[in-house]
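User: I'd like to learn how to read a few features of a protein model. Could you take me through them one by one?

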Amino acid sequence: MKSYKELLNERANEGTALRQLSTDEAQGLKSILLEIYQDLAKICEEHGLVVMLCGGSCLGAVRHQGFIPWDDDLDMIMPRRDYERLKQLLAEGVMGERYEYLFPEKGKDSLCMFMKIYRKGTKCVEMGNEYTDFPKGISVDIFPLDGANANALVRKLVGGLANGLRLTANMVYEATYPVSEATRSMRNMSGAGGWMMNIRGLLGKILSVVPHRLWVNWYDALVTNEKDTGLLAIPTGRKLYGGEVFPANVYLPPRTATFEGIEVHIPNQVEKYLTNLYGPNYMQLPPVEKRERHFIVDFDLNSSE
C-alpha cells in the first residue's frame, strides 16, 4: 500500500491546487532548519551523542553540499542509545524555551513514530496535522538507529510485524483526527490512489477501536534495540524496517561533510547508504515529476500562536 506522502505527490501531479512554499518562504524555512540543526548539534557534542544527516538531507550534503534545491526538510539519525539520552535531555529542558518536541512515550499520543523538534514562534502546518493538538512549528526529524537481529528469519518476522503496526498506526491516525477539505479530497483521486485512500479510511475506522497512541507505542517498543548485533537499521525510515539494514560499519563511525557551509556528520559508507536509497545514479538530478515535494496548509516564520 502506498504511503500518504506518495499519494500526496500523485495528487499534486493531477494538477490539484495543493499549496507549496514560495521561494522566499522556502529560504526562510531552510534558514531556521539550519539553526535548529546547529543548536541540536551543539547539545550532542557537549554530551557525546552522535547525530548524522540521513535521507534527502544526506543526499543534499553529498550532491549539493547543502539542501536539495526543491527540498524543505531536514532529516537525521541517531544510534538508539544516544536517541534515548537525547529524549531525557529534552525532558530536562536542555534546548531551552525556544523549542518543543514530540516522540513516542507511554501515556501520550504522538504525531509520528520518531522524534520531532519544533521551533516555537513559527508555523508550518502539514496536511494531516491541521486540527490536532500536536505542535505545528517548523521542525526537524530524528530517526533512531536500532540494532537488527542477526538471524535473517527472526529479522524478517520482526520486520513484517513492525511494518504492519506502522501501517495500522498511520491508518488509525487518519481516522482519528479531523482533517481539512483538501485532505478529504484525496479520496476522490483518479485511479488506484482514490481507491487506496478509501480503503485506508475504512480500515482506519475499524482499527481505531484501539487508540492511536497504543499502536505508536507498540511499534516503538517492538523496534527499540540497543543491543550490539553487528547490524543496524532505521525502522522508521522511508524504506520501512528491513529496507535500511546494514552492517554497523556502514553507519558508524560517522564521516564529516559540508552542508550549507557548516560541518555535519553523515554515514560512514555513505555511497552504499545512498545507493540503497536512491539507486546507483543518485548523483544525477531526477526529472521534475519525480522530485519529492512537501505540502503545507499554513506557514508563518513569525507566528504568535
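User: Let's start with the loops. Where is the place of proline 253?

Analyst: Keep in mind that this is a predicted model. Proline 253 sits in the loop between α9 (248-251) and β9 (255-259).

User: What is the peptide bond from leucine 252 to proline 253, cis or trans?

Analyst: That bond is cis, with omega near -5 degrees.

User: What about cysteines? How many disulfides does the count come to?

Analyst: The general idea is that a disulfide is a covalent bond between the sulfur atoms of two cysteines. In this model the count comes to 0 disulfides. As for where the cysteines sit, cysteine 44 has 1% relative accessibility and so counts as buried. Cysteine 112, at 16% relative accessibility, counts as buried too.

User: Why does cysteine 112 count as buried at 16%?

Analyst: Because buried means under 20% relative accessible area, and cysteine 112 comes in at 16%.

User: Now for charges. How many salt bridges does the structure hold?

Analyst: Side chains of opposite charge can pair when their charged atoms come close. This structure holds 13 salt bridges.

User: Why are arginine 80 and glutamate 84 separated by about one helical turn?

Analyst: Because the two are 4 residues apart in helix α4. Both arginine 80 and glutamate 84 are buried. Arginine 80 also meets aspartate 146 in a salt bridge, at 2.7 Å from N to O. Here arginine 80 lies in helix α4 and aspartate 146 in strand β6 (residues 139-147), so this pair ties together parts that are 66 residues apart in sequence. Aspartate 146 is buried, as is arginine 80.

User: Which residue forms a salt bridge with lysine 123?

Analyst: That's aspartate 298, with the closest N and O atoms 3.3 Å apart. The pair links distant parts of the chain, since lysine 123 is in strand β5 (residues 123-126) and aspartate 298 is in strand β11 (residues 296-300), 175 residues apart. Lysine 123 counts as buried at 11% relative accessibility, whereas aspartate 298 is partly exposed, with a relative accessible area of 32%.

User: And which residues do salt bridges that share partners join into one network?

Analyst: Arg80, Glu84, Lys87, Asp146 and Asp220 are joined that way.

User: Lysine 87 is in that network. Is lysine 87 buried or exposed?

Analyst: Buried: lysine 87 has 13% relative accessibility. Lysine 87 lies in helix α4 (residues 80-91). Leaving aside neighbours within four places in sequence, lysine 87 is in contact with Phe103, Pro104 and Met115.

Note on methods. Residues are numbered from 1 along each chain as its sequence is written. This is a predicted model: local features need pLDDT of at least 70, side-chain atom pairs count only at pLDDT 80 or more; totals for chains, interfaces and linings use all residues. Side-chain values use heavy atoms; hydrogens and water are left out. A disulfide is a pair of cysteine sulfur atoms within 2.5 Å. Buried means under 20% relative accessible area, exposed over 50%, partly exposed in between (1.4 Å probe, protein chains only). Contact means heavy atoms within 4.5 Å. A salt bridge is a side-chain nitrogen of Lys or Arg within 4 Å of a carboxyl oxygen of Asp or Glu.
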